[in-house]
Amino acid sequence: MLGLAIIFAVSTIRNYNFSDHQEHIDDYVVIHEDTNLKSPKKSDTYTETFIHVDETNNNLNWSYTAANNDWCYYENGHYIIENVTLTAVGSGSGILIENSNVTFIIRNCNVTNTGTGAYDAGIEMINTSNGTLINNYCYDNGRIGILLADDCDNNKVTGNTATNVAGSAQDFGILLYQYCDNNIILGNTANNNEIWGIRLEYWCHNNTISGNTGSNVGTSKQDWGIGCKWYCENNTFSENTANDNTWDGINLNDECLNNTIKGNTANDNDRYGILLYDECNNNTISGNTVNLSGDNGIYLWINCSSNEILGNTANDNGADGIRIYDDCDDNTIIGNLFKNNQNYGITIEGGACENNLLYFNSLKENLIYHASDSGTNTQWNISEVGNYWDNHTTPDSNNDGIVDIPYTWIDGSANSEDNFPLVESPLYGGEKIHIDDSGVSALNWSMTAKLKYWCSGSGAYSDPYVIIGLEINGSGSGIGILIGNSSAYFIIEYCMIYNAEVGIEIMESSNMTIINNNINDINGTVGINGGLGTDGGAGSAAIGIALYDCVNANISLNNINNISGGNGGLGGNGADGNPGGPGGKGGNGNNAYGIYFNNSKEIYNSYNNISSIIGGKGSAGGKGGKGDNGDPGKNGGIGGAGGSGGLGSGIYYENSTYITNEWNNIWNIMGGAGGNGGTGGAGGNGGSSSEDGGDGNVGGAGGSSGLGFGIYYDNSTHIINEWNSIWNIASSAGGSGGVGGVGGNGLYAGAGGNGEAGGVGGLSWGIYYNNSTHITNDWNSIWNIMGGAAVMGAQVVMEVLIQLAVWGELVVMVKLVGWEA
């Protein structure tokens, strides 16, 4: 192996000419808990009835507690309480921490049977900061499972369970009470409590409530799932599940302002999925699923104004998808799906609801009317687009995506209408995406951004078009996202694409960023099997990301895996006859690429993870036809050759220039196996004992294996190739040669056919340069490179001169060549 250093570092991604788009990334960041702690201390499980730490009391502070109890110790800057079972005495709390700013952890403790006082809890923290509660089990307590109260700031509550099991006394799973700010409540289970799963009360600000469950599971106890009450501001409720509660899934009540409710699931609640009640203003409700509520899916009730309701799904609810009632003004309702609700999709009730704006919503199959409006000055469209109504989609005489006739079937006293109803739903419905900025074969960018909620921007450097967060199932064929003929600035990010032949393909375009996408299970189609004596068809190629004739591209931080070229079709068997017909050649397997660039320039390709890229298998050749019996017997046909396997390549550059390729991880790349040769046709028998039998014919040659490459540069120039990690690159074995055909019987038996040679096993390379110049190749790590069958592959082959220069002056010309064993 060539000696190449393995060095890992942190580097800032160069984004060339694109503006910062962090605001898009932030919307899709998932909060992960990482306390960097070692595993819990190996110890017995301790039993107590009460633990009390008070940092203002020398006989109760952390140092005293650690010195006098085996279940508490100090390690790596943390005081730790762990592995304690507390069965309380029915009064007070189980674990009480107060007046503490010391960094501490409480983990793996079980607490039950605490008191019923207002502040009694399994674990109670008062005026305490910098604590972490992790993996504790607080159940069947008299009042609260976990309580943070009175100025508890900067704490983490992660992975705990706070529930009723056998008893029915615990009212709250997790409660934050009075001036508790900047806490993280992450991944907890708060089910089957008497009143609330998780609740914030009185001036609790800037908390993150994410990935929790607050539901009824097999009971009918818990009234509310998750929410806040009384002057709580700037909290984020994201990715939580609040199902089957007897009142509401998510509830904001009494002047809770500027909160974000994002990406939650609140289904099957007896009353409302999401409720904002009594002066809850300036909140954002986005990307939630609120189906099968007993009443309304989303409800804004009494003086709830200036809220944004964006991209939610509210289907199959017992009353309305969304209802706005009683002095709720200036709300914006955009990009929601309201389907099959038992009354209306949208209701604006009461003339005191003023200046609400609705567009890009999709209304389908609602039972009474799609909408009812008794408000004042409701706007059902903006200047060019309105909403999609499934009972009003034609005519569109100029094909601009807008129905020519306004939508007037909106119930209610306001006599409202939508002046620009949409021909198609603006919401993403799982379809493959095609944008052609020439406007010839598909909608161009500007029309897509105008008519589709999932696309935004203007195409300027400072305001690129953005496609974000789509999940695309290619249904086994085609291209997940196809962009062509574009010079606008655009970004494709945080999309999940699978089950297609190509994940993302960009053609004849410039100024693109493709970042943070997950592309997997991309498969080329299998070639068609050959008919009688005809060749099998080749499979199709499979590519994660493909760029053709593109300029100025940033391809970064994508995860691309399980890309498989299509296998070849079987060669058809030869026809029996005089002589027997030859078998058809097996179809070739096609290539598989993680990322493929063709005739493209100014490329920055970095920090991608590319794995399990496998070329398609060559298919078996057809069997030669049998020779007819006769006087003498006829010869058999030749067996068809096996098809060749396709190459597998992590990254492939063809005819491309000005390339920076760095910090990519590439592993498990393999060329496809060659197909087996077909059996030679048997000779026919002689007509009698006095006639000779026909000769059997030769078998088909085995197909050769496809090659394996980590990175391949073909006819490309001005390359910086650095800091890539490449391992487990291999080729498969060639196919077996076909067996010769059997000679026919007779006075003299026909000669048997020869078996043919097996296919050649392919070579493999970590990095391969073919006819490529002006290369800087530094600090790449390469290991575990294996050729097919017994043929060892070269580690790195550079078949061109590499120019090394300092300040433009030629220093040395070298030629590096790998080796084979």
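Q: Phe 709 and Trp 765: buried or exposed?
A: Phe 709 is buried, and Trp 765 is buried too. Buried means under 20% relative accessible area, exposed over 50%, and partly exposed in between, with a 1.4 Å probe and protein chains only.

Q: What kind of model is this?
A: It is a predicted model, where local features need pLDDT of at least 70 and side-chain atom pairs count only at pLDDT 80 or more, while totals for chains, interfaces and linings use all residues. Residues are numbered from 1 along each chain as its sequence is written, and side-chain values use heavy atoms, leaving out hydrogens and water.

Q: How many aromatic pairs are there?
A: There are 42 aromatic pairs. Rings of Phe, Tyr and Trp (its six-membered ring) pair if their centres lie within 6.5 Å; planes under 30 degrees apart count as stacked, over 60 as edge-to-face and the rest as tilted. Phe 709 and Trp 765 make a stacked pair, 5.1 Å centre to centre with 5 degrees between the planes.

Q: What does the pair of Phe 709 and Trp 765 tie together?
A: Phe 709 is in strand 55 (residues 708-714) and Trp 765 in strand 58 (residues 764-770), so the pair links parts that are 56 residues apart in sequence. Strands here are DSSP runs of E, at least two residues, numbered from the N terminus.

Q: And how do Trp 723 and Trp 779 pair?
A: Trp 723 and Trp 779 are stacked, at 5.7 Å centre to centre and 15 degrees between the planes. Trp 779 is partly exposed, at 40% relative accessibility.

Q: Which residues form an aromatic cluster?
A: One cluster consists of Tyr 548, Tyr 593, Tyr 596, Tyr 652, Phe 709, Tyr 712, Trp 765 and Tyr 768.

Q: New topic: in what order do the strands of the open sheet run?
A: Its 8 strands run in the order 39-42-45-48-51-54-57-60, with parallel pairing. Two strands pair if DSSP finds at least two bridges between them.

Q: Which strands stand at the edges?
A: Strand 39 (471-473) and strand 60 do; each has a single partner strand, so one side of each has no neighbour in the sheet.

Q: How many bridges join strand 45 and strand 48?
A: Strand 45 (residues 518-523) and strand 48 (residues 559-564) pair in the parallel sense over 5 bridges. Asn 561 in strand 48 is the bridge partner of Asn 520.

Q: Which residues touch the most other members in the largest nonpolar core?
A: Ile 81, Ile 95, Ile 106 and Leu 276 do, in a core of 70 residues. Such a core is a set of buried Ala, Val, Leu, Ile, Met, Phe, Trp, Tyr and Cys residues joined through side-chain atoms within 4.5 Å. A second, separate core of 53 residues includes Ile 481, Leu 547, Ile 613 and Ile 729.

Notes
Helix = DSSP H or I, 4+ residues; strand = E, 2+ residues; numbered from the N terminus.
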